[in-house]
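Please look over the structure shown below before reading on.

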Amino acid sequence: MKLFDALPFSVTYKAQEYPIKPYFDCVLRVFDIFQQKDLPIENRVELALYVIAPKAKVRTDEKPDFLNAVFDLLMGKVENAETQRSMDMTQDADLIFASFYQAYGLNLFEMQGKLHWLCFRMLLQNLPSDTPLMRVIEVRTKPLPKPTKYNQKEIATLMRLKAKYRLELTQEEREKQFQQGLAKIAMTLEAMADRKN
């Protein structure tokens, strides 16, 4: 993104331009829709388009591709890094609200339908370290120091704070952690068997 570019309020799909609602609240609502695993994917796509591109008239079989085009425009290239989450838009909503209010004087409820997703994302990524969200992220990502006879109190405090601010895992994340745990056990057993041979 360049600061002299205009913020996008439409997407070009198959040589036709369609208006979109690229506001942060609409994008977050779409994220929430896709978390509803009890809904069939077709329904989630339909609901998402109703929220973010209600005037787009595209064929039913093209709706998933059209929605991908919208999110490619709004998200850019997303790296698929295997890092642990340090923030969740839903679980940390109160921290995000408080941090935006503290840092920028923005009431996010009053900014619904006004604040573009790209602006929201830039402001979120550049929150000062003294805001509530950034302080909690620091706790979540800070590694525990190696225990010594002098830092037992520090470790206990950090562990208590990590427990207080830990994120609830999704079912997918729990299953992934379980699979990773099984893989580690299998590797350990293989290494033990190799040592005996």
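How many salt bridges does a search of the whole structure find? The search finds 6 salt bridges, a salt bridge being a side-chain nitrogen of Lys or Arg within 4 Å of a carboxyl oxygen of Asp or Glu. The model is a predicted one, in which local features need pLDDT of at least 70 and side-chain atom pairs count only at pLDDT 80 or more, while totals for chains, interfaces and linings use all residues. Residues are numbered from 1 along each chain as its sequence is written, and side-chain values use heavy atoms, with hydrogens and water left out.

**The chain as a whole**

The protein chain holds 8 helices and 2 strands, where helices (H or I, at least four residues) and strands (E, at least two) are DSSP runs numbered from the N terminus. Read from the N terminus on, the order of the elements is β-β-α-α-α-α-α-α-α-α. Of its 197 residues, 30% count as buried; buried stands for under 20% relative accessible area, exposed for over 50%, and partly exposed for values in between, with a 1.4 Å probe and protein chains only. The chain exposes about 14100 Å², of which carbon and sulfur atoms supply 56%, the areas coming from the Shrake-Rupley method with a 1.4 Å probe, and for residues only the protein chains shown count as cover. Among the contacts (heavy atoms within 4.5 Å) with a separation of 6 or more, 58% are between residues 24 or more positions apart.

| Pair | Distance, N to O |
|---|---|
| Glu62 and Lys14 | 2.8 Å |
| Arg140 and Asp92 | 2.8 Å |
| Arg166 and Glu168 | 3.4 Å |

The side chains of Glu62 and Lys14 meet in a salt bridge. This pair links distant parts of the chain, with Glu62 in the loop between α2 (41-52) and α3 and Lys14 in the loop between β1 (10-13) and β2 (16-19), 48 residues apart. Glu62 is buried at a relative accessible area of 11%, whereas Lys14 is exposed at 59%. Both residues also belong to a network of salt bridges that links Lys14, Arg59, Asp61 and Glu62.

Arg140 and Asp92 form another salt bridge. Because Arg140 lies in helix α6 (residues 132-141) and Asp92 in the loop between α3 and α4, the pair ties together parts that are 48 residues apart in sequence. Arg140 is buried, with a relative accessible area of 19%, and Asp92 is buried as well, with 2%.

In the pair of Arg166 and Glu168, Arg166 is exposed at 51% relative accessible area, while Glu168 is partly exposed at 46%.

When residues up to four places away in sequence are not counted, Asp92 touches Ser86, Met87, Leu133, Arg140 and Leu167.

Leu133 and Arg140 are also among the buried residues of α6, which include Pro132, Val136, Ile137 and Val139. Seen down the axis of α6, these buried residues fall within an arc of 160 degrees (taken from the directions from the helix axis to the C-beta atoms), so they line one face of the helix. The cover over the buried residues of α6 includes α4, α5 (117-125) and α7 (152-165).
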